[in-house]
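Here is a short report on one structure. Look through the sequence and the model, then read on.

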Amino acid sequence: MARALIHVPASAKKGDVIEIKTLISHVMETGYRIGITGTPIPRDIIDDFVCTYNGEEVFRAKLYPAIAANPFITFFTVATASGTLAFAWTDQHGATQVQTAAITVE
Amino acid sequence: MSRAAFVIAAFIAATAVARAADIPWDQRRSDSDFVSADTRAMQNDDTANPAMLVVLDGETLWNERTGTTNQSCADCHGDAAKSMKGVAARYPAMVAEQDRPVDLEQRIMMSRLADQKAAALPFESKELLALTAYIARQSRGMPVAVKDDAQAKPFIAAGRAIFERRQGQLDLSCAQCHDDNWGKKLAGNLVPQAMATGYPIYRLEWQEVGLLQRRLRNCMSGMRAEPYDFGAPELVDLEYFLMWRARGLAMESPAVRP
């Protein structure tokens, strides 16, 4: 399991625009580099990121080989109700990592 | 690369004057002042600084039992936030076991080998980087305070000699850039003062965390000089001199650099 850092405000007023920051540890190997043995280093990237807010999709990103290692994705959403934000990173092999964060909306 | 060599050679030709003195005490600035505002913002936000991922790995390792004694770092040292506060600001330092200084990574390795009786970790290995970054993080904001007593002085002097010695095919010394020409541009980048207060750093070019010795070896390749091996006494002397030169400046580990 890769290490991820998520920043979501612990609480917000209903209707507030909130900033969400996510950082995940990943090599994002492009597949274009040649290793020390002269053979290409196989591509290994995260290619999909989704954030759902109480089950509803609020943000999605497609990632490609030009994204640097340890992708940092930050975006905004509107605080609608107390609940859970779920973040899912899927790599090119189909493995998904999910992490959640709670938010209280007054 | 030959273009880069030409740019460096042209830069030196244009500034071929006698070596100036050390940077005056009150003009010393953190290397963070020489990076873009975006990079600085990334460094200072723990949720955006990618080195924090490695720091968290280090925290896990700190608490993990290993070696034939089956002890973790925490079993002896307890809470790193207390026991390791300010430690990175005091390294390199003399150790009783050897009659010469060691840097923070080497000190971690000594404890790992002697106390935990665990396998050695290679320089730049993921685990050693993580432990070093985690320990260095505990000193953030504290002033660099390496010892410069009579015992340490010869090693600081040896480091200074390497810093000021012209070397490599470009016949260039560290001091020519970092003492004499800091604040000017080298191939589009600002030349910093080489105040090593932020190591281990996350270097955007590397896309990963690296130690000061890696950075020094980089600079030596850039000078077309033969880099010293990881762990070489010369590199430790140079590290010691750089930290002594930065004494009093605030630690920033883990810093982000372009």
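## Terms and model

Two strands pair if DSSP finds at least two bridges between them. Helices (H or I, at least four residues) and strands (E, at least two) are DSSP runs, numbered from the N terminus. This is a predicted model: local features need pLDDT of at least 70, side-chain atom pairs count only at pLDDT 80 or more, and totals for chains, interfaces and linings use all residues. Residues are numbered from 1 along each chain as its sequence is written, while chains are lettered from A and ligands numbered from 1 in the order in which they are written.

Chain A has 8 strands and 0 helices. Its pattern along the sequence is β-β-β-β-β-β-β-β. The C-alpha trace of chain A spans about 60 × 20 × 20 Å along its principal axes.

A residue is buried if 20 or more other C-beta atoms lie within 10 Å of its own, exposed if 12 or fewer, and partly exposed in between; C-beta atoms are placed from the backbone. By that rule, 17% of the 106 residues of chain A are buried. Two residues are in contact if their C-beta atoms, placed from the backbone, lie within 7 Å. Among contacts in chain A with a separation of 6 or more, 56% join residues 24 or more positions apart.

## An open sheet in chain A

In chain A, 3 strands form an open antiparallel sheet, ordered β1-β3-β6. Its edge strands, β1 and β6 (72–78) of chain A, each pair on one side only. From one strand to the next, the twist averages 15°. Axes are lines fitted to C-alpha atoms, for helices over the stretch in contact, and angles run from 0 to 180 degrees between N-to-C directions.

The antiparallel strands β1(A) and β3(A) are joined by 4 bridges. Leu5(A) has Leu23(A) in β3(A) as its bridge partner.

## Where the chains meet

The contact between the chains takes 10 residues from chain A and 9 residues from chain B. On the chain A side, β1 (4–7) and β3 (17–24) each give two or more residues. That side has 5 nonpolar, 3 polar and 2 charged residues. Here Ala, Val, Leu, Ile, Met, Phe, Trp, Tyr, Cys and Pro count as nonpolar, Asp, Glu, Lys and Arg as charged, and the others, Gly among them, as polar.

## Two domains in chain B

Chain B is assigned domain 1 (2–45 + 145–257) and domain 2 (53–137). Such bounds come from an automatic or database domain assignment. The C-alpha centres of the two domains of chain B lie 24 Å apart.

Contact involves 23 residues of domain 1 of chain B and 21 residues of domain 2 of chain B. On the domain 1 side, β6 (208–210), α10 (212–222) and α11 (233–245) of chain B each supply at least two residues. The largest share, 5 residues, comes from α11(B). By class, this side has 15 nonpolar, 5 polar and 3 charged residues.

How do α8(B) and α11(B) cross, and at roughly what angle? The axes of α8 (residues 153–164) of chain B and α11(B) come within 7 Å and cross at roughly 95°. That makes α8(B) roughly perpendicular to α11(B). Angles under 35 degrees count as roughly parallel, over 145 as roughly antiparallel, 65 to 115 as roughly perpendicular and the rest as oblique. Residues of α8(B) in this contact include Phe155(B) and Phe163(B), and those of α11(B) include Tyr240(B) and Trp244(B).

Helices α3 (residues 51–62) and α7 (residues 126–137) of chain B have axes that come within 7 Å and cross at roughly 95°. They too are roughly perpendicular. Their contact has 10 nonpolar, 1 polar and 4 charged residues.

## Backbone details

Most residues other than glycine have a negative phi, and most peptide bonds are trans. Met28(A) has a positive phi near 45°. It sits in the loop between β3 and β4 (46–53) of chain A. Met28(A) is buried, with 21 other C-beta atoms within 10 Å. Ala187(B) has a positive phi of about 50°, but counts as exposed, with 12 C-beta neighbours inside 10 Å.

The peptide bond from Tyr91(B) to Pro92(B) is cis, with omega near 0°. Another cis bond runs from Ser253(B) to Pro254(B), with omega near -5°.
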